[in-house]
Amino acid sequence: MTSTLKNVHTLYVDQDVRDFDTVQPILDHFKGVPCHIVDGPTPVFRRVASAKDPISAAKEILYLTRNKGAFVRKCPGTREYTCCGYQILHIGTFCTMDCSYCVLQAYFHPPVLQFFVNHRELFDELDQVLDSRNPEIRRIGTGEFTDSMIWEPWSGLSHKLVERFGRQDHAVLELKSKTVNIRGLDQLDHNRKTIMAWSVNTPEIIATQERNTAPLQARLAAAAKCEAWGYPLAFHFDPMVIYPGCEQDYVKVVEQIFEHVSPENVAWISLGTFRFMPDLKAIIETRFENSKIVYGEFVPGLDNKMRYFKPLRIKLFQAMAAALKKHAPQTTAYFCMEDEEVWRKSFQITPDLPALLDHSAQRVCGIL
Ligand code: SF4
């Protein structure tokens, strides 16, 4: 079952945002949940850090605050691998779901489930970015430091973002999720400028590594519904985990996707195998005792992350490339963080990746 903040048992609210009009509806939603007004994040950090398992504790403590930095920022890709030129819209951090491989477990010290409520500043900055028609800012997503849709249905943010992007023709918003919290998206004036995206995996990996996420069938049913509501779609196979029988299982997921939705409406499909900073290994071993995902044939990559030995990655990617060619020959598929050799041996191209994805957004979403 998807977890979307229903497990939150404590709220912290920064005193300088308590009177924001975005805050009261959230407090109403969490009526009865103990709420502390604080002067900065220190009490939240202390509370989380003092827990036996700070990562689990952080998933149940919601902190409403202001984003004091930029809302729109470049995705932190690495120089060594082909990067897609994505922009992040920074709406909050961390997640209520619990995937063994989640990089956010090791990214924040300690992790804090914070939702930024200074939406006036967010939309002022977004207006500037969209009005500038900067050719380098064509694809913007909220699902980098959090899941895009856990904040539904009480925040109302997706509603406002979808309609803001619907009023322009230069860029697309991508909302990426493992939830099925789509109820608020019906009847919005999206103008096909919001791509509804799902991270997908094999039923085996979802069952064993993705606690509290929606099952694959539910994600695909939600995607089909969004397609019926006129939204373009995207799918992300990331992280792909290598285990006995994985190739057939991943190919089957490709087949299932196109039993639910039409390839012409899919803006892109990304592929990325499991990779991790060495710090994450101990976290996974402690928090997910039965998980075996860190015990594969891994080698350090150019960015210091552990990656599967390259021939293993290429073998899995070649199977996926063949399946995608069969079921969705026109759909853009790409790698998140792979090198030229992997591109060449899997897709027979070494593309200008940002241009490839911009072109897909033009074709599928009608951006100019
Ligand atoms: S859904 Fe995404 S953000 Fe949430 S725990 Fe899983 S990997 Fe992390």
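Leaving aside neighbours within four places in sequence, which residues is S291 in contact with? The answer is S100, Q209 and I284, where contact means heavy atoms within 4.5 Å.

## About the model

This is a predicted model, in which local features need pLDDT of at least 70, side-chain atom pairs count only at pLDDT 80 or more, and totals for chains, interfaces and linings use all residues. Residues are numbered from 1 along each chain as its sequence is written, and side-chain values use heavy atoms, with hydrogens and water left out.

## S291 and its loop

S291 belongs to the loop between α10 (278-287) and β16 (298-300). Helices (H or I, at least four residues) and strands (E, at least two) are DSSP runs, numbered from the N terminus. S291 counts as buried because its relative accessibility is 9%; buried means under 20% relative accessible area, exposed over 50%, and partly exposed in between (1.4 Å probe, protein chains only).

The side chain of S291 also makes a polar contact, at 2.8 Å, with the side chain of Q209. A polar contact is a pair of N or O atoms within 3.5 Å; within protein, one must be able to donate a hydrogen and the other to accept it, and residues adjacent in sequence count only if both atoms are side-chain atoms. At 3.4 Å, the S291 side chain reaches the backbone nitrogen of I293.

## Around the ligand

Which residues are around the ligand? They are C95, M97, D98, C99, Y101, C102, L104 and K178, each with a heavy atom within 4 Å of it. By class, this shell has six nonpolar, no polar and two charged residues. Here Ala, Val, Leu, Ile, Met, Phe, Trp, Tyr, Cys and Pro count as nonpolar, Asp, Glu, Lys and Arg as charged, and the others, Gly among them, as polar.

Helix α9 (residues 246-260) holds Q256, which is buried with a relative accessible area of 13%. Not counting residues up to four places away in sequence, Q256 touches L216, Q217 and L220. Q256 and F335 are 79 residues apart in sequence, with their C-alpha atoms 20 Å apart in space.

Q114 sits in strand β8 (residues 113-116) and is buried as well, at 19% relative accessible area. Beyond its neighbours within four places in sequence, Q114 is in contact with Y63, T65, G92, T93 and W151.

The C-alpha atoms of E340 and T82 are separated by 7.4 Å, although the two residues are 258 residues apart along the chain.
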